[in-house]
Amino acid sequence: MKENAVMEKLKEFFRSSPDLQLRAFSSIFIVLAVIGGIVLGGHIWSAIVILIAMLSLWEFYKLQSAKLSTSPALIMVSGLFILLGTAFGLMSIATILCSISAIAFIALFLEVLKRQVSGESNALVTMGATVAGIAYVVLPWSFMILIRSRELGAMFLITLFFCTWSCDVAAYFVGSHLGRNLLCSQVSPHKTWEGFLGGAAASFMCGGLLALLLLMGLLCGIAGQLGDLGESVLKREAGVKDTGSIIPGHGGLLDRFDSILVNGTLAFVIFELVG
């Protein structure tokens, strides 16, 4: 009887929140795709990463274009070059960093030619926008390709994603039902300190349950939410609610994976230190 009562309450809750139901179905698809890709590894994981990263990079470019006048060609080609090089084992962390430096100089020299031909240039904006997109979107996903290629990398990535997702879910529900004190009202008006602490606690416990990686669970619970706030700042400055509409109920890929970008970088640092 108690189980039936619980199920009825859950059904009533989802019926009263159609947006939440849509988010739940989209989330299930994302979880299956990501975890399946991690388990299978190899080029399947690389293909999933490249698809997510390139679509996210395009969304990031669209955010930039609300404030800056830049061409998408260089940033998209550069991102694909680094991701493919990493996927096929042609790039280490050192060569990736060297590539970013080379890309910055390519952007600069293209602006030199542009000014010579047209008398106008936009070097500061173009260099900054290109490097920012690579650093913010491409590097974290490249790190996750590198992590998966190493021993115990699959378990490490599964822990990373589940810690991040548990943080997001707990922060949402705790903030929605218990939230009273606003966390950062000028950036994200609905986030609360209660939700922030609930998310951090959930990530910490998830890290312990999955792989005894308590430190990573706690750091992901904090850093991931800071990454979420960081993406909110970008959207506020661009004057948009979501970065896209590719995921029903969630918005764009950057909206769904904003915490993963920060946590993926953090996980790579931890993985390198403990490895």
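About 270 Å³ of space lies in the second largest pocket of this predicted model. A pocket here is an open set of points on a 1 Å grid over the protein atoms alone, where a 1.4 Å probe fits, with protein on both sides within 12 Å along at least five of seven lines. Its volume is the space filled by probe spheres set on the points, which are joined across faces, edges and corners. Residues are numbered from 1 along each chain as its sequence is written. Local features need pLDDT of at least 70, side-chain atom pairs count only at pLDDT 80 or more, totals for chains, interfaces and linings use all residues, and side-chain values use heavy atoms, without hydrogens or water.

Lining residues have an atom within 4 Å of a point. The second largest pocket has 14 of them, and Phe29, Ile30, Ile52, Ile247 and Leu253 lie nearest its centre. Helix 2 gives the most, with five residues. Helices are DSSP runs of H or I with at least four residues, strands are runs of E with at least two, and both are numbered from the N terminus. By class, this lining has 13 nonpolar residues, one polar and no charged. Nonpolar covers Ala, Val, Leu, Ile, Met, Phe, Trp, Tyr, Cys and Pro; charged covers Asp, Glu, Lys and Arg; the others, Gly among them, are polar.

Now the largest pocket. It holds about 1,300 Å³ of space. Of its 42 lining residues, Arg23, Asp168, Tyr172, Lys191 and Asp228 are the closest to the centre. Helix 7 supplies the largest share, nine residues. The classes here are 16 nonpolar, 13 polar and 13 charged.

Strand 2 is among the elements that supply at least two residues to that lining. Strand 2 (residues 188–192) pairs with strand 1 (residues 182–184) in the antiparallel sense over two bridges; pairing requires at least two DSSP bridges. The two strands form a hairpin with three residues between them. Cys184 stands opposite Ser188.

Next comes the core. The largest nonpolar core has 53 residues, and Trp141, Phe161 and Phe257 have the most contacts inside it. Such a core joins buried (under 20% relative accessible area) Ala, Val, Leu, Ile, Met, Phe, Trp, Tyr and Cys residues through side-chain atoms within 4.5 Å. Helix 6 gives the largest share, ten residues. Beyond neighbours within four places in sequence, Phe257 is in contact (heavy atoms within 4.5 Å) with Ile30, Val34, Ile52, Trp141 and Phe161.

Key: Buried means under 20% relative accessible area, exposed over 50%, partly exposed in between (1.4 Å probe, protein chains only).
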